[in-house]
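This briefing is meant to be read alongside the sequence and the model, one topic at a time. Please keep both in view while going through the points below.

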Amino acid sequence: MGYRARDTKAKLPQGYEVRALAANLIGSVLVKGRALDDAMAASLDDSLVRSMEVRDRAMARLITATVLRRLGQIDAVIAAFLEKPLPEKRGNLSAILQAAAAQLLFLGSAPHAVINVAVEQVSKDPAARRFDKLANAVLRRISEKGAAIVAAQDAVQLNIPAWIWLRWVKAYGEATARRIAESSLQQAPLDISVKTDPALWAKTLGGSVLPTGTVRIDASGRVDQMPGFADGAWWVQDAAAALPSRLLGDITGKRVADLCAAPGGKTAALAVKGAIVTAVDSSADRLARTAENLKRLNLKANLVAADVRTWRSNTLFDAVLLDVPCTATGTIRRHPDILRLKRPGDMAKLASVQATLVENAIHLVRPGGTIVYCSCSLEPEEGVMQINRLLAGRKALRRSPVSASEFGGDPSWVTVDGDLRTLPFHYSGDRPELSGMDGFFASRLILHE
């Protein structure tokens, strides 16, 4: 990998490995089209990365996420100080410059250290080393004049792909679309779902309890080192993602199927509420992670690795929770690589899969039972349009409108049809970094007896 060098570690400037890992992660996403989480996991195959401190790997991920989130702004600033476009054969130069610019413009890193490491990275890349003086000059100018350029930029127009922006404007209107976009460009806070006593854990962890019952933590550091994690008192889950399971009401002792269940946040929520849960997912590897999470939480569920589009049970369920695979445009705050990896054609493919999944879900619930369909997408095709299509001409199935009082939310989160629709700017905290939630859609359906 690009961060390796024949030089001994002692000869490398401080922070070299962190920034070199970031540059390689950026290349994995932007050049190879790999999801950031997958690229991060794959990097651990290298012994040098495994030997890094956890905080250093976290810093590399932060740099990468900042580049992915602010790519349009960063590239515009870099271009402002180039006399001509960079040649096609330039090695890892672009990623190195982008990582350095992200630190200078958005992360408040010390300019001297950032520039020194970046130039060293360029000089050690055989395909890029001839640009070391260029890199030095460009980054020095960015450190001196870049902030003024950023202040005059339209972050939304530069960072949000045009096809996504136009879709949001069509679905929500331009004013709301801009609020969605601005919130999507913020880094998400750490939210957790607790098994009991949210107020106690908010006090213990230095956070606050949201009206929905989620605990939002105003702290940083390793999640697995925080009080209560090892004891299984809580699990990480965005405030919006915690809501769909609540739409099933009292499920104590009821048989509930959690479809497309991995990594298991909703499975845990169902089990905590006393349901007899069957969690189904097509990925055995992701189900293994679900099993690990449930073991830590001391919760139980029957885990089934199967194709959720066709899976059937010998016994019908009292309720089904279906969290469909989607474009996940409501989770850009947590997964900024979505901005760079998703394409317009993805929508139709996923919508077809979603339609098949929800059709099968109907066959899994008993008469009188409940289905909650949900997705972490902001796109109507993956939410309300799926439900309206499903209900058309189907007299045995009806929508059961939800109310904000069921989940402690704001009435504005409920649509005129009675569906749940959260947007990234929903919920205002004390500070911008403690505000917002994922964009989520959920609809509750009842199968007539």
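In this predicted model, helix 1 covers residues 16-30, and its 15 residues reach 21 Å from the first C-alpha to the last, close to the 21 Å expected at 1.5 Å a residue. Helix 1 is largely enclosed by the rest of the structure, because 14 of its 15 residues are buried.

**Helix 16**

- Helix 16, made up of residues 346-362, has 17 residues and extends 25 Å between its first and last C-alpha atoms, which is close to the 24 Å expected at 1.5 Å a residue.
- The buried residues of helix 16 are Met347, Leu350, Ala351, Gln354, Ala355, Leu357, Val358, Asn360, Ala361 and Ile362.
- As background to reading such a list, an α-helix has 3.6 residues a turn, so residues three or four places apart point the same way.

**Packing of helix 5 with helix 8**

- The axes of helix 5 (residues 71-80) and helix 8 (residues 132-151) come within 9 Å and cross at roughly 125 degrees, which makes helix 5 oblique to helix 8.
- The crossing in which helix 5 passes helix 8 is right-handed.
- On the side of helix 5 the contact is made by Gln73, Val77, Ile78 and Ala80, and on the side of helix 8 by Val138, Ile142, Gly146, Ile149 and Val150.
- Sorted by class, this contact of helix 5 with helix 8 has seven nonpolar residues and two polar ones, with no charged residues.

**The loop between strand 5 and helix 13**

- Pro263 lies in the loop that runs between strand 5 (255-259) and helix 13 (265-272), and the peptide bond leading from Ala262 to Pro263 is cis, with omega near 10 degrees.
- Cys260 also has its place in the loop between strand 5 and helix 13, and although Cys260 is not a glycine, its phi is positive at about 55 degrees.
- With a relative accessible area of 16%, Cys260 is buried.

**Asn298**

- Asn298, in the loop between helix 14 (284-297) and strand 7 (302-305), has a phi near 55 degrees, a positive value in a residue other than glycine.
- Asn298 is exposed, with a relative accessible area of 66%.

**Gly213**

- Gly213 is found in the loop between strand 2 (207-209) and strand 3 (215-217), where its relative accessible area of 25% makes it partly exposed.
- Leaving aside neighbours within four places in sequence, Gly213 is in contact with Pro198 and Arg246.
- The C-alpha atoms of Gly213 and Ala199 are separated by 8.9 Å, these residues being 14 residues apart along the chain.

Conventions
Residues are numbered from 1 along each chain as its sequence is written. This is a predicted model: local features need pLDDT of at least 70, side-chain atom pairs count only at pLDDT 80 or more; totals for chains, interfaces and linings use all residues. Side-chain values use heavy atoms; hydrogens and water are left out. Axes are lines fitted to C-alpha atoms, for helices over the stretch in contact, and angles run from 0 to 180 degrees between N-to-C directions. Helices (H or I, at least four residues) and strands (E, at least two) are DSSP runs, numbered from the N terminus. Angles under 35 degrees count as roughly parallel, over 145 as roughly antiparallel, 65 to 115 as roughly perpendicular and the rest as oblique. A crossing is left-handed if the near helix is turned anticlockwise from the far one by less than a right angle, and right-handed if clockwise. Contact means heavy atoms within 4.5 Å. Ala, Val, Leu, Ile, Met, Phe, Trp, Tyr, Cys and Pro count as nonpolar, Asp, Glu, Lys and Arg as charged, and the others, Gly among them, as polar. The expected span of a helix is 1.5 Å times one less than its number of residues. Buried means under 20% relative accessible area, exposed over 50%, partly exposed in between (1.4 Å probe, protein chains only).
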